[in-house]
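Here is a short briefing to read alongside the model. Please have the sequence and the 3D view open as you go through the points.

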Amino acid sequence: MKSRRIGPLEVSCIGLGCMGFSHAYGTPPSPEQAERVMLEALERGVTLFDTAALYGFGTNETLVGRVLKAHRSRIVLASKGGMAGVAFADGVKRVIDGRPEAIRRNCDDSLRRLGTDVIDLYYLHRWDKAVPIEDSVGALADLVRAGKVRALGLSEVSAATLRRAHAVHPIVAVQSEYSLWSRNVEIGVLGACRELGATLVAFSPLARGFLTGQLRDVAALPPKDIRRAMPRFEPATYARNLELLPGFAALAREAGCTMAQLALAWVLAQGEHVVALPGTTQLAHLQENLGAAALELAAVHRARADALINQCTVAGARYSAGNAVEVDTEPY
Ligand SMILES: NC(=O)c1ccc[n+]([C@@H]2O[C@H](COP(=O)([O-])OP(=O)(O)OC[C@H]3O[C@@H](n4cnc5c(N)ncnc54)[C@H](OP(=O)(O)O)[C@@H]3O)[C@@H](O)[C@H]2O)c1
């Protein structure tokens, strides 16, 4: 497995996103299945494991911490705060809270659930626009000084916000959605990362399954699947997006790989300061995805993928209006 850098940390160029083990896409797998996938990833050279306080409202961190505890020194453990489950009278709800006291509480809770003394890479999951970014990053910097986290990242922020944050404390990573069908980071933050020495950690590089060619019938997604609330996955819109896939499948065949591998290799080809963060609950998918690390994508294949699937050819917005206001990424 090739490695890349995130600030002081050396990581596999493809990490494992652990969200799906507890949350997001259909019914989560059993803890035993999640454990098999994590240990297989480790065995195959993955060193970057990504979780968050939000995922499964804490249960994901507990699971990831338990499975990887024995391997703690071999891995880079990444988690996120500033967006977490909060208990209300009518149940636990997702709350974005970037106040320093919330960040401190989130981090202590994460350390306890992960069963570790230090989190290698700690992100602000969303910028809480009611709190100056300098205040939230100031609290994160205090966590570094206290030895609770090693390095800092932000998620779904614009280049302008990244620069403001970086002026308070070095930001070594921006985790944002990046794939052939989600190009927002190309407007500003990808270049700003390069300039500031930060790494772009590309989440959902497989377009939440779309670019694998395996997800055809979105009308059959379970009611709680988060893709149901995303405009691109609305059945009529998705049907238009599916029309892009025969060309993509042909290109993958020509490049000698699968569609998933082409999608990941395209992300990795965007710069040495980019790391791909796919997620899977299936061993076969994991093996397929990790195969992309060894691919050298020819410039002509990269250019044709670029031209085929991009912000002009994809139908539908990335997020619903309600979720779009929560992110700070530059919009098209
Ligand atoms: N910072 C943020 O706001 C944010 C937001 C979203 C995600 N993330 C992070 O990014 C990670 C990855 O995101 P994601 O899960 O959306 O990424 P993704 O890899 O683009 O999509 C995962 C989906 O694709 C499917 N899949 C994966 N590999 C496949 C393959 N080879 N063939 C067919 N289907 C395949 C998975 O199903 P199977 O399980 O069946 O393989 C799952 O439904 C998350 O786990 C999380 O750590 C961060």
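Predicted model: local features only at pLDDT ≥ 70, side-chain atom pairs only at ≥ 80, totals over all residues.

Residues are numbered from 1 along each chain as its sequence is written. Helices (H or I, at least four residues) and strands (E, at least two) are DSSP runs, numbered from the N terminus.

**The α1 and α2 pair**

- The axes of α1 (residues 31–43) and α2 (residues 59–68) cross at roughly 55 degrees and come within 10 Å. Axes are lines fitted to C-alpha atoms, for helices over the stretch in contact, and angles run from 0 to 180 degrees between N-to-C directions.
- The crossing of α1 past α2 is right-handed, meaning that the near helix is turned clockwise from the far one by less than a right angle.
- On the α1 side the contact uses P31, A34, E35, M38 and L39, and on the α2 side L63, V67 and L68; two residues are in contact if their C-beta atoms, placed from the backbone, lie within 7 Å.
- By class, this contact has 7 nonpolar residues, no polar ones and 1 charged. Nonpolar covers Ala, Val, Leu, Ile, Met, Phe, Trp, Tyr, Cys and Pro, charged covers Asp, Glu, Lys and Arg, and the others, Gly among them, are polar.

**Around the ligand**

- The ligand is surrounded by 28 residues, of which G17, M19, L206, P278 and G279 are the closest; a residue counts as near if its C-beta atom, placed from the backbone, lies within 6 Å.
- Helix α10 (residues 283–290) gives the most to this shell, with 3 residues.
- The shell divides into 10 nonpolar, 14 polar and 4 charged residues.

**Loop residues to look at**

- A24 sits in the loop between β3 (16–17) and α1, and has a positive phi of about 105 degrees although it is not a glycine.
- S204, in the loop between β11 (199–203) and α7 (235–242), is another residue other than glycine with a positive phi, near 50 degrees.
- G291 lies in the loop between α10 and α11 (299–308), and its C-alpha atom is separated by 34 Å from that of G82, 209 residues apart along the chain.
- S204 is buried, with 22 other C-beta atoms within 10 Å, whereas A24 is partly exposed with 19; buried means 20 or more, exposed 12 or fewer, and partly exposed in between, with C-beta atoms placed from the backbone.
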